[in-house]
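Please view the sequence and the structure before reading on.

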Amino acid sequence: MTSVQLFAFNNSIAKELKERITPDLFAGPMGKTVDGVFIPFIPSPYQQTYFDWMQKKRGSCLVKAVAGSGKTTTIVMGLRFTGALAHEVNASTFHSAGLYPITKHLGCKSRDMVIDASKIRKLTKEALGDVEQEMYSSFCARLVGLAKGQGIGPLEPDVPEAWYRLIQHHDLYLEEEGATEERAIEIARDLLKRSNEAAQRKFIDLDDMLYLPLLWRLRLWQNDWVFIDEAQDTNPVRRALAKLALKPGGRLVAVGDPKQAIYGFTGASHDAMDLIAKEFNCIELPLTVSYRCPKAIAERVKAIVPYFEVPSTAKQGEVIHCSIEEAIKRLDSHDAIVCRQTAPLIELAFSLIAKGIGCTVLGKDIGAGLIALIEKQRAKGIEALRGKLEEFRARETARFMAKGEEQKAEAINDRVACIMTVIDNLAETQRTIPGLISRLQSIFSDENGVLTLATCHKVKGKEYRRVAILSPELMPSKWARQEWQAEQEQNLIYVTDTRTMETLFILQGTPK
(Lines give C-alpha, C1' and ligand atoms only; values in the text may rest on other atoms or scores of the structure.)
Protein backbone atom coordinates (compact mmCIF):
# COMPACT_ATOMS: atom_id res chain seq x y z
CA MET A 1 0.00 0.00 0.00
CA THR A 2 1.32 3.42 -1.00
CA SER A 3 0.15 6.50 0.87
CA VAL A 4 0.15 9.98 -0.67
CA GLN A 5 -0.59 13.36 0.97
CA LEU A 6 -1.34 16.40 -1.18
CA PHE A 7 -1.13 19.69 0.67
CA ALA A 8 -3.29 22.35 -0.97
CA PHE A 9 -3.08 25.97 0.09
CA ASN A 10 -6.81 26.53 0.53
CA ASN A 11 -10.08 24.64 0.64
CA SER A 12 -11.10 25.44 -2.93
CA ILE A 13 -7.89 23.96 -4.35
CA ALA A 14 -8.20 20.92 -2.06
CA LYS A 15 -11.75 20.40 -3.30
CA GLU A 16 -10.65 20.62 -6.93
CA LEU A 17 -7.91 18.06 -6.33
CA LYS A 18 -10.30 15.67 -4.59
CA GLU A 19 -12.74 15.86 -7.49
CA ARG A 20 -10.00 14.96 -9.94
CA ILE A 21 -8.58 12.03 -7.95
CA THR A 22 -10.83 9.23 -9.18
CA PRO A 23 -10.16 5.52 -9.94
CA ASP A 24 -10.22 6.38 -13.67
CA LEU A 25 -7.20 8.62 -13.16
CA PHE A 26 -5.05 5.60 -12.31
CA ALA A 27 -6.33 3.24 -15.00
CA GLY A 28 -6.09 3.21 -18.77
CA PRO A 29 -4.59 5.94 -20.96
CA MET A 30 -3.86 9.42 -19.62
CA GLY A 31 -6.66 11.88 -20.21
CA LYS A 32 -10.20 12.68 -19.16
CA THR A 33 -13.74 12.17 -20.42
CA VAL A 34 -15.82 15.28 -21.15
CA ASP A 35 -19.48 14.82 -22.12
CA GLY A 36 -18.81 11.19 -22.98
CA VAL A 37 -15.81 11.98 -25.17
CA PHE A 38 -12.33 10.88 -24.07
CA ILE A 39 -9.72 13.61 -24.47
CA PRO A 40 -6.16 12.24 -24.31
CA PHE A 41 -3.57 14.05 -22.23
CA ILE A 42 -0.37 14.64 -24.16
CA PRO A 43 2.37 15.82 -21.79
CA SER A 44 4.73 18.61 -22.75
CA PRO A 45 8.46 17.77 -22.83
CA TYR A 46 8.85 19.37 -19.39
CA GLN A 47 5.93 17.36 -17.97
CA GLN A 48 7.34 14.18 -19.48
CA THR A 49 10.71 14.84 -17.83
CA TYR A 50 8.91 15.18 -14.50
CA PHE A 51 6.94 11.95 -15.03
CA ASP A 52 10.14 10.12 -16.00
CA TRP A 53 11.80 11.33 -12.80
CA MET A 54 8.91 10.03 -10.73
CA GLN A 55 9.16 6.61 -12.35
CA LYS A 56 12.89 6.14 -12.54
CA LYS A 57 14.52 8.33 -9.90
CA ARG A 58 14.71 8.60 -6.15
CA GLY A 59 14.66 11.51 -3.76
CA SER A 60 12.64 14.71 -3.80
CA CYS A 61 12.12 17.45 -6.34
CA LEU A 62 11.12 21.07 -6.66
CA VAL A 63 9.02 21.88 -9.73
CA LYS A 64 9.32 25.52 -10.76
CA ALA A 65 6.06 26.20 -12.58
CA VAL A 66 5.39 29.56 -14.25
CA ALA A 67 1.94 31.16 -14.26
CA GLY A 68 -0.51 29.24 -16.44
CA SER A 69 1.78 26.23 -16.95
CA GLY A 70 -0.80 23.65 -15.88
CA LYS A 71 0.75 22.83 -12.53
CA THR A 72 -2.47 21.37 -11.07
CA THR A 73 -2.84 19.03 -14.05
CA THR A 74 0.82 18.09 -13.73
CA ILE A 75 0.37 17.25 -10.05
CA VAL A 76 -2.77 15.21 -10.66
CA MET A 77 -1.41 13.28 -13.66
CA GLY A 78 1.81 12.65 -11.79
CA LEU A 79 -0.12 10.70 -9.14
CA ARG A 80 -0.29 7.84 -11.66
CA PHE A 81 3.42 7.30 -11.14
CA THR A 82 3.41 7.15 -7.33
CA GLY A 83 2.21 3.54 -7.22
CA ALA A 84 -0.88 4.61 -5.28
CA LEU A 85 -4.57 4.01 -5.93
CA ALA A 86 -7.26 6.67 -5.65
CA HIS A 87 -8.27 5.69 -2.10
CA GLU A 88 -4.64 5.93 -0.97
CA VAL A 89 -4.36 9.62 -1.90
CA ASN A 90 -5.47 12.29 0.57
CA ALA A 91 -5.84 15.91 -0.59
CA SER A 92 -6.27 18.45 2.17
CA THR A 93 -5.12 21.81 3.43
CA PHE A 94 -2.29 22.03 5.92
CA HIS A 95 -4.88 23.18 8.46
CA SER A 96 -7.01 20.08 8.03
CA ALA A 97 -3.97 17.83 8.32
CA GLY A 98 -2.92 19.59 11.52
CA LEU A 99 -6.34 19.55 13.14
CA TYR A 100 -6.71 15.77 13.22
CA PRO A 101 -3.75 15.03 15.56
CA ILE A 102 -4.85 17.93 17.77
CA THR A 103 -8.31 16.43 18.29
CA LYS A 104 -6.78 13.00 18.83
CA HIS A 105 -4.43 14.43 21.47
CA LEU A 106 -7.35 16.13 23.24
CA GLY A 107 -9.56 13.06 22.94
CA CYS A 108 -12.38 14.79 21.07
CA LYS A 109 -13.91 15.36 17.66
CA SER A 110 -13.45 18.50 15.57
CA ARG A 111 -17.08 19.44 16.29
CA ASP A 112 -16.18 19.60 19.99
CA MET A 113 -13.53 22.27 19.35
CA VAL A 114 -14.21 25.99 19.49
CA ILE A 115 -12.45 27.43 16.42
CA ASP A 116 -12.49 31.20 16.59
CA ALA A 117 -10.53 33.57 14.34
CA SER A 118 -10.80 36.28 17.01
CA LYS A 119 -9.31 34.08 19.74
CA ILE A 120 -6.28 36.29 20.44
CA ARG A 121 -8.41 39.45 20.62
CA LYS A 122 -10.70 37.76 23.14
CA LEU A 123 -7.71 36.69 25.21
CA THR A 124 -6.46 40.28 25.04
CA LYS A 125 -9.67 41.49 26.68
CA GLU A 126 -9.05 39.07 29.54
CA ALA A 127 -5.42 40.06 29.95
CA LEU A 128 -5.46 43.85 29.56
CA GLY A 129 -7.32 46.86 30.82
CA ASP A 130 -9.28 49.15 28.52
CA VAL A 131 -6.41 51.57 27.87
CA GLU A 132 -3.86 48.92 26.87
CA GLN A 133 -6.48 47.07 24.84
CA GLU A 134 -6.91 50.21 22.76
CA MET A 135 -3.16 50.62 22.39
CA TYR A 136 -2.04 47.07 21.70
CA SER A 137 -4.90 44.73 20.76
CA SER A 138 -4.62 44.84 16.95
CA PHE A 139 -0.83 44.96 16.90
CA CYS A 140 -0.39 42.04 19.29
CA ALA A 141 -2.99 39.89 17.56
CA ARG A 142 -1.05 40.32 14.33
CA LEU A 143 2.27 39.69 16.05
CA VAL A 144 1.11 36.51 17.79
CA GLY A 145 -0.22 35.17 14.49
CA LEU A 146 3.14 35.77 12.82
CA ALA A 147 4.93 34.18 15.77
CA LYS A 148 2.86 31.01 15.40
CA GLY A 149 3.59 30.91 11.67
CA GLN A 150 7.28 31.33 12.37
CA GLY A 151 7.15 28.55 14.96
CA ILE A 152 8.39 30.58 17.92
CA GLY A 153 8.48 28.05 20.72
CA PRO A 154 8.72 24.71 18.89
CA LEU A 155 11.01 25.77 16.01
CA GLU A 156 12.97 28.64 17.51
CA PRO A 157 13.45 29.95 21.06
CA ASP A 158 10.80 32.24 22.52
CA VAL A 159 13.10 35.16 23.31
CA PRO A 160 12.48 38.90 22.83
CA GLU A 161 14.99 39.04 19.99
CA ALA A 162 12.88 36.63 17.92
CA TRP A 163 9.84 38.89 18.32
CA TYR A 164 11.83 42.01 17.43
CA ARG A 165 12.96 40.29 14.22
CA LEU A 166 9.32 39.66 13.29
CA ILE A 167 8.42 43.31 13.88
CA GLN A 168 11.34 44.51 11.79
CA HIS A 169 10.88 41.99 8.97
CA HIS A 170 7.18 42.71 8.54
CA ASP A 171 7.38 46.46 9.12
CA LEU A 172 4.78 46.26 11.89
CA TYR A 173 3.86 49.54 13.47
CA LEU A 174 2.00 50.72 16.56
CA GLU A 175 -0.66 53.29 15.71
CA GLU A 176 -1.30 54.59 19.21
CA GLU A 177 0.76 57.34 20.79
CA GLY A 178 2.68 56.14 23.83
CA ALA A 179 2.72 52.50 22.75
CA THR A 180 6.15 50.86 22.72
CA GLU A 181 7.50 47.76 21.02
CA GLU A 182 8.97 46.58 24.33
CA ARG A 183 5.56 46.50 26.01
CA ALA A 184 3.95 45.02 22.89
CA ILE A 185 6.38 42.10 22.96
CA GLU A 186 5.72 41.51 26.67
CA ILE A 187 1.99 41.38 25.97
CA ALA A 188 2.38 39.21 22.86
CA ARG A 189 4.53 36.64 24.65
CA ASP A 190 1.97 36.44 27.45
CA LEU A 191 -0.85 36.10 24.90
CA LEU A 192 0.94 33.23 23.18
CA LYS A 193 1.25 31.47 26.52
CA ARG A 194 -2.45 32.08 27.26
CA SER A 195 -3.34 30.88 23.77
CA ASN A 196 -1.47 27.60 24.29
CA GLU A 197 -3.22 27.08 27.62
CA ALA A 198 -6.62 27.83 26.05
CA ALA A 199 -5.90 25.24 23.35
CA GLN A 200 -5.79 22.58 26.03
CA ARG A 201 -9.38 23.61 26.75
CA LYS A 202 -10.28 23.01 23.07
CA PHE A 203 -10.28 26.74 22.19
CA ILE A 204 -8.17 27.31 19.07
CA ASP A 205 -7.78 29.49 15.98
CA LEU A 206 -6.59 28.69 12.46
CA ASP A 207 -2.95 29.43 13.31
CA ASP A 208 -3.15 26.84 16.08
CA MET A 209 -3.99 24.10 13.58
CA LEU A 210 -0.49 24.46 12.15
CA TYR A 211 1.32 25.43 15.33
CA LEU A 212 0.05 23.03 18.00
CA PRO A 213 1.17 19.76 16.36
CA LEU A 214 4.71 21.12 16.50
CA LEU A 215 4.40 22.59 19.99
CA TRP A 216 2.90 19.40 21.43
CA ARG A 217 5.19 17.12 19.38
CA LEU A 218 2.26 15.26 17.85
CA ARG A 219 2.50 12.61 15.16
CA LEU A 220 0.98 12.99 11.72
CA TRP A 221 0.12 10.09 9.46
CA GLN A 222 3.32 9.45 7.52
CA ASN A 223 3.27 9.01 3.77
CA ASP A 224 5.41 7.58 1.01
CA TRP A 225 4.81 10.71 -1.03
CA VAL A 226 4.06 14.28 0.02
CA PHE A 227 3.07 16.95 -2.52
CA ILE A 228 3.02 20.66 -1.72
CA ASP A 229 1.05 22.94 -4.03
CA GLU A 230 1.81 26.70 -4.07
CA ALA A 231 5.10 25.90 -2.37
CA GLN A 232 6.29 29.51 -2.68
CA ASP A 233 3.68 30.53 -0.10
CA THR A 234 4.77 28.22 2.71
CA ASN A 235 6.03 29.41 6.07
CA PRO A 236 8.21 27.56 8.62
CA VAL A 237 5.35 25.68 10.33
CA ARG A 238 3.89 24.47 7.03
CA ARG A 239 7.27 23.11 5.95
CA ALA A 240 7.70 21.45 9.35
CA LEU A 241 4.29 19.77 8.99
CA ALA A 242 5.31 18.49 5.56
CA LYS A 243 8.34 16.86 7.17
CA LEU A 244 6.16 15.24 9.82
CA ALA A 245 3.88 13.86 7.11
CA LEU A 246 6.74 12.23 5.18
CA LYS A 247 8.04 8.75 5.97
CA PRO A 248 11.79 8.28 6.41
CA GLY A 249 13.01 7.71 2.88
CA GLY A 250 9.75 9.10 1.45
CA ARG A 251 9.66 11.46 -1.52
CA LEU A 252 8.52 15.07 -1.58
CA VAL A 253 7.29 17.02 -4.61
CA ALA A 254 6.99 20.78 -4.09
CA VAL A 255 5.36 22.70 -6.94
CA GLY A 256 5.34 26.46 -7.11
CA ASP A 257 6.61 29.63 -8.72
CA PRO A 258 9.21 31.66 -6.83
CA LYS A 259 8.20 34.67 -8.93
CA GLN A 260 4.66 34.44 -7.57
CA ALA A 261 5.87 34.83 -3.99
CA ILE A 262 3.89 37.93 -2.97
CA TYR A 263 2.62 37.03 0.50
CA GLY A 264 5.69 37.77 2.57
CA PHE A 265 3.64 40.35 4.48
CA THR A 266 1.35 37.54 5.74
CA GLY A 267 4.21 35.47 7.13
CA ALA A 268 5.11 33.34 4.11
CA SER A 269 8.88 32.94 3.71
CA HIS A 270 9.99 35.14 0.82
CA ASP A 271 12.57 32.48 -0.09
CA ALA A 272 10.33 29.48 0.63
CA MET A 273 11.25 27.47 -2.45
CA ASP A 274 14.97 27.89 -1.86
CA LEU A 275 14.46 26.72 1.72
CA ILE A 276 12.46 23.67 0.57
CA ALA A 277 15.18 22.74 -1.93
CA LYS A 278 17.77 22.88 0.85
CA GLU A 279 15.74 21.29 3.65
CA PHE A 280 14.54 18.34 1.52
CA ASN A 281 17.62 18.04 -0.71
CA CYS A 282 15.54 18.51 -3.86
CA ILE A 283 16.54 18.45 -7.48
CA GLU A 284 14.91 21.17 -9.57
CA LEU A 285 12.71 20.53 -12.60
CA PRO A 286 11.25 23.25 -14.84
CA LEU A 287 7.67 23.80 -15.96
CA THR A 288 8.22 26.99 -17.89
CA VAL A 289 5.63 26.97 -20.71
CA SER A 290 2.49 29.00 -19.99
CA TYR A 291 -0.67 27.84 -21.75
CA ARG A 292 -2.69 30.80 -20.48
CA CYS A 293 -0.83 33.85 -21.69
CA PRO A 294 -0.52 35.24 -25.23
CA LYS A 295 2.79 35.99 -26.90
CA ALA A 296 2.54 39.73 -26.19
CA ILE A 297 2.45 39.04 -22.45
CA ALA A 298 5.36 36.60 -22.66
CA GLU A 299 7.52 39.28 -24.21
CA ARG A 300 6.50 41.76 -21.53
CA VAL A 301 7.19 39.52 -18.50
CA LYS A 302 10.53 38.17 -19.72
CA ALA A 303 12.15 41.19 -18.09
CA ILE A 304 11.13 39.70 -14.73
CA VAL A 305 11.08 35.98 -15.59
CA PRO A 306 13.57 35.39 -18.44
CA TYR A 307 12.69 31.69 -18.74
CA PHE A 308 8.96 32.34 -19.28
CA GLU A 309 7.73 30.63 -22.47
CA VAL A 310 4.52 30.20 -24.43
CA PRO A 311 3.85 27.60 -27.15
CA SER A 312 4.17 28.56 -30.82
CA THR A 313 0.41 28.11 -31.12
CA ALA A 314 -0.34 30.76 -28.48
CA LYS A 315 -2.43 33.78 -29.46
CA GLN A 316 -0.54 36.95 -30.26
CA GLY A 317 -2.58 39.00 -27.79
CA GLU A 318 -2.24 42.72 -27.16
CA VAL A 319 -0.78 45.19 -24.69
CA ILE A 320 -2.76 48.40 -25.12
CA HIS A 321 -2.08 51.77 -23.50
CA CYS A 322 -5.34 53.70 -23.35
CA SER A 323 -7.71 55.75 -21.23
CA ILE A 324 -10.05 54.20 -18.68
CA GLU A 325 -13.04 55.22 -20.78
CA GLU A 326 -11.65 53.45 -23.86
CA ALA A 327 -10.95 50.26 -21.92
CA ILE A 328 -14.37 50.19 -20.25
CA LYS A 329 -16.00 49.93 -23.69
CA ARG A 330 -14.27 46.56 -24.15
CA LEU A 331 -14.43 45.10 -20.64
CA ASP A 332 -17.21 42.85 -19.31
CA SER A 333 -17.95 40.31 -16.58
CA HIS A 334 -15.14 38.02 -17.80
CA ASP A 335 -12.55 40.73 -17.14
CA ALA A 336 -10.80 42.51 -14.27
CA ILE A 337 -9.40 45.92 -13.43
CA VAL A 338 -6.42 45.60 -11.10
CA CYS A 339 -4.51 48.12 -8.99
CA ARG A 340 -1.66 48.07 -6.48
CA GLN A 341 -3.72 50.09 -3.97
CA THR A 342 -7.32 49.95 -2.88
CA ALA A 343 -8.32 53.63 -2.87
CA PRO A 344 -8.15 54.10 -6.68
CA LEU A 345 -10.37 51.02 -7.10
CA ILE A 346 -13.00 52.47 -4.76
CA GLU A 347 -13.01 55.75 -6.68
CA LEU A 348 -13.36 53.86 -9.96
CA ALA A 349 -16.13 51.64 -8.56
CA PHE A 350 -18.31 54.65 -7.79
CA SER A 351 -17.61 56.12 -11.22
CA LEU A 352 -18.69 52.86 -12.89
CA ILE A 353 -21.78 52.47 -10.72
CA ALA A 354 -22.83 56.02 -11.63
CA LYS A 355 -22.66 54.98 -15.30
CA GLY A 356 -24.78 51.89 -14.67
CA ILE A 357 -21.85 49.48 -14.97
CA GLY A 358 -22.03 46.65 -12.42
CA CYS A 359 -18.80 45.90 -10.56
CA THR A 360 -17.49 44.42 -7.33
CA VAL A 361 -14.26 44.88 -5.40
CA LEU A 362 -12.70 41.60 -4.33
CA GLY A 363 -11.70 41.34 -0.70
CA LYS A 364 -14.10 41.03 2.21
CA ASP A 365 -11.08 41.17 4.51
CA ILE A 366 -10.11 44.56 3.09
CA GLY A 367 -13.58 45.88 3.84
CA ALA A 368 -13.42 44.42 7.35
CA GLY A 369 -10.13 46.22 7.98
CA LEU A 370 -11.61 49.56 6.91
CA ILE A 371 -14.64 49.00 9.13
CA ALA A 372 -12.36 48.24 12.07
CA LEU A 373 -10.54 51.54 11.50
CA ILE A 374 -13.87 53.39 11.45
CA GLU A 375 -15.06 51.76 14.68
CA LYS A 376 -11.75 52.53 16.35
CA GLN A 377 -12.36 56.27 15.91
CA ARG A 378 -15.48 56.11 18.11
CA ALA A 379 -17.03 58.97 16.14
CA LYS A 380 -20.66 59.96 16.73
CA GLY A 381 -21.38 61.03 13.16
CA ILE A 382 -19.98 61.23 9.64
CA GLU A 383 -18.52 64.72 9.96
CA ALA A 384 -16.93 63.86 13.30
CA LEU A 385 -15.50 60.73 11.68
CA ARG A 386 -14.02 62.82 8.87
CA GLY A 387 -12.22 64.99 11.39
CA LYS A 388 -10.91 62.06 13.40
CA LEU A 389 -9.68 60.26 10.30
CA GLU A 390 -7.87 63.35 9.03
CA GLU A 391 -6.22 63.76 12.44
CA PHE A 392 -5.27 60.08 12.41
CA ARG A 393 -3.85 60.34 8.89
CA ALA A 394 -1.86 63.49 9.62
CA ARG A 395 -0.48 62.16 12.91
CA GLU A 396 0.47 58.71 11.69
CA THR A 397 1.90 59.68 8.31
CA ALA A 398 4.01 62.39 9.96
CA ARG A 399 5.24 59.91 12.55
CA PHE A 400 6.27 57.33 9.98
CA MET A 401 7.76 59.83 7.55
CA ALA A 402 9.91 61.20 10.39
CA LYS A 403 11.20 57.67 11.01
CA GLY A 404 11.89 57.10 7.31
CA GLU A 405 9.10 54.50 7.09
CA GLU A 406 7.33 55.85 4.04
CA GLN A 407 5.69 52.51 3.12
CA LYS A 408 3.75 52.51 6.39
CA ALA A 409 2.73 56.12 5.81
CA GLU A 410 1.49 55.15 2.33
CA ALA A 411 -0.59 52.27 3.77
CA ILE A 412 -2.22 54.62 6.29
CA ASN A 413 -3.04 57.14 3.58
CA ASP A 414 -4.56 54.44 1.33
CA ARG A 415 -6.87 53.18 4.08
CA VAL A 416 -8.11 56.66 4.99
CA ALA A 417 -8.50 57.63 1.33
CA CYS A 418 -10.72 54.56 0.76
CA ILE A 419 -13.08 55.55 3.56
CA MET A 420 -13.17 59.19 2.49
CA THR A 421 -14.12 58.19 -1.07
CA VAL A 422 -17.01 56.10 0.21
CA ILE A 423 -18.18 58.94 2.48
CA ASP A 424 -18.09 61.36 -0.46
CA ASN A 425 -20.39 59.05 -2.42
CA LEU A 426 -22.93 58.26 0.29
CA ALA A 427 -26.55 59.10 -0.38
CA GLU A 428 -28.09 61.53 2.11
CA THR A 429 -30.12 58.71 3.64
CA GLN A 430 -26.91 56.75 4.29
CA ARG A 431 -24.84 59.49 5.92
CA THR A 432 -24.54 57.77 9.26
CA ILE A 433 -21.82 55.49 10.67
CA PRO A 434 -24.04 52.38 10.27
CA GLY A 435 -24.88 53.54 6.73
CA LEU A 436 -21.18 53.92 5.90
CA ILE A 437 -20.37 50.48 7.27
CA SER A 438 -23.25 48.94 5.33
CA ARG A 439 -22.00 50.59 2.12
CA LEU A 440 -18.49 49.25 2.66
CA GLN A 441 -19.85 45.76 3.20
CA SER A 442 -21.78 45.96 -0.07
CA ILE A 443 -18.79 47.22 -2.06
CA PHE A 444 -16.34 44.53 -1.01
CA SER A 445 -17.34 41.07 -2.11
CA ASP A 446 -15.82 37.87 -3.51
CA GLU A 447 -18.76 37.22 -5.83
CA ASN A 448 -18.57 37.02 -9.62
CA GLY A 449 -21.00 37.93 -12.38
CA VAL A 450 -19.99 41.55 -12.89
CA LEU A 451 -16.80 43.39 -13.79
CA THR A 452 -14.17 42.56 -11.16
CA LEU A 453 -12.06 45.22 -9.44
CA ALA A 454 -9.22 43.90 -7.30
CA THR A 455 -5.83 44.62 -5.84
CA CYS A 456 -2.85 42.82 -7.35
CA HIS A 457 -2.68 40.49 -4.35
CA LYS A 458 -6.32 39.46 -4.68
CA VAL A 459 -6.09 38.26 -8.31
CA LYS A 460 -3.36 35.72 -7.67
CA GLY A 461 -4.61 32.26 -8.66
CA LYS A 462 -7.25 33.72 -10.99
CA GLU A 463 -7.43 34.28 -14.73
CA TYR A 464 -9.47 36.62 -16.90
CA ARG A 465 -10.04 37.12 -20.60
CA ARG A 466 -8.84 40.71 -20.36
CA VAL A 467 -7.05 42.58 -17.56
CA ALA A 468 -6.69 46.34 -17.14
CA ILE A 469 -4.04 47.84 -14.85
CA LEU A 470 -5.26 50.94 -13.06
CA SER A 471 -2.66 53.52 -11.92
CA PRO A 472 0.31 51.51 -13.26
CA GLU A 473 2.70 54.08 -11.79
CA LEU A 474 1.99 52.58 -8.35
CA MET A 475 3.96 49.44 -9.30
CA PRO A 476 6.48 48.76 -8.00
CA SER A 477 5.86 50.59 -4.77
CA LYS A 478 8.62 53.16 -4.23
CA TRP A 479 8.41 52.51 -0.50
CA ALA A 480 9.60 48.89 -0.63
CA ARG A 481 12.89 49.37 1.18
CA GLN A 482 13.90 45.87 2.26
CA GLU A 483 15.39 43.64 -0.41
CA TRP A 484 12.68 40.98 -0.07
CA GLN A 485 9.98 43.64 -0.32
CA ALA A 486 11.46 45.07 -3.51
CA GLU A 487 11.65 41.58 -5.00
CA GLN A 488 8.02 40.88 -4.18
CA GLU A 489 6.98 44.18 -5.76
CA GLN A 490 8.48 42.94 -9.03
CA ASN A 491 6.68 39.63 -8.51
CA LEU A 492 3.41 41.55 -8.18
CA ILE A 493 3.87 43.01 -11.66
CA TYR A 494 4.46 39.51 -13.05
CA VAL A 495 1.43 38.08 -11.23
CA THR A 496 -0.79 40.90 -12.48
CA ASP A 497 0.37 40.70 -16.10
CA THR A 498 -0.08 36.92 -16.28
CA ARG A 499 -3.75 36.91 -15.24
CA THR A 500 -4.84 37.71 -18.78
CA MET A 501 -5.60 35.23 -21.56
CA GLU A 502 -5.96 37.82 -24.33
CA THR A 503 -5.44 41.52 -23.74
CA LEU A 504 -3.64 43.66 -21.16
CA PHE A 505 -4.75 47.30 -20.89
CA ILE A 506 -2.38 49.81 -19.30
CA LEU A 507 -4.75 52.54 -18.18
CA GLN A 508 -3.87 56.21 -18.30
CA GLY A 509 -5.52 59.02 -16.36
CA THR A 510 -8.18 58.90 -13.66
CA PRO A 511 -11.86 57.90 -13.83
CA LYS A 512 -14.31 60.58 -14.92
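Two strands are said to pair if DSSP finds at least two bridges between them. The model discussed here is predicted.

**Strand β12 and its partners**

- Strand β12 comprises residues 336-339, and its pairing with strand β14 (residues 451-455) is parallel, with 4 bridges.
- Within the pairing of β12 and β14, alanine 336 has threonine 452 of β14 as its bridge partner.
- Strand β15 (residues 464-469) also pairs with β12 in the parallel sense, over 3 bridges.
- In β15, the residue opposite isoleucine 337 is alanine 468.

**Burial of strand β12**

- On one side of β12, Ala336 and Val338 are buried.

- The volume of the second largest pocket is about 450 Å³.
- Its lining consists of 25 residues, and those nearest the centre of the pocket are Gln5, Tyr100, Leu220, Trp221 and Asn223.
- Two or more lining residues come from each of the elements β1 (4-8), β5 (89-93) and α4 (94-106).
- Helix α4 contributes the most to this lining, with 6 residues.
- Sorted by class, the lining of the second largest pocket holds 12 nonpolar, 9 polar and 4 charged residues.

Methods
Residues are numbered from 1 along each chain as its sequence is written. This is a predicted model: local features need pLDDT of at least 70, side-chain atom pairs count only at pLDDT 80 or more; totals for chains, interfaces and linings use all residues. Side-chain values use heavy atoms; hydrogens and water are left out. Buried means under 20% relative accessible area, exposed over 50%, partly exposed in between (1.4 Å probe, protein chains only). On a 1 Å grid over the protein atoms alone, a cavity is a set of points where a 1.4 Å probe fits but cannot get out, and a pocket is an open set with protein on both sides within 12 Å along at least five of seven lines; lining residues have an atom within 4 Å of a point. Grid points are joined across faces, edges and corners, and a volume is the space filled by probe spheres set on the points. Ala, Val, Leu, Ile, Met, Phe, Trp, Tyr, Cys and Pro count as nonpolar, Asp, Glu, Lys and Arg as charged, and the others, Gly among them, as polar.
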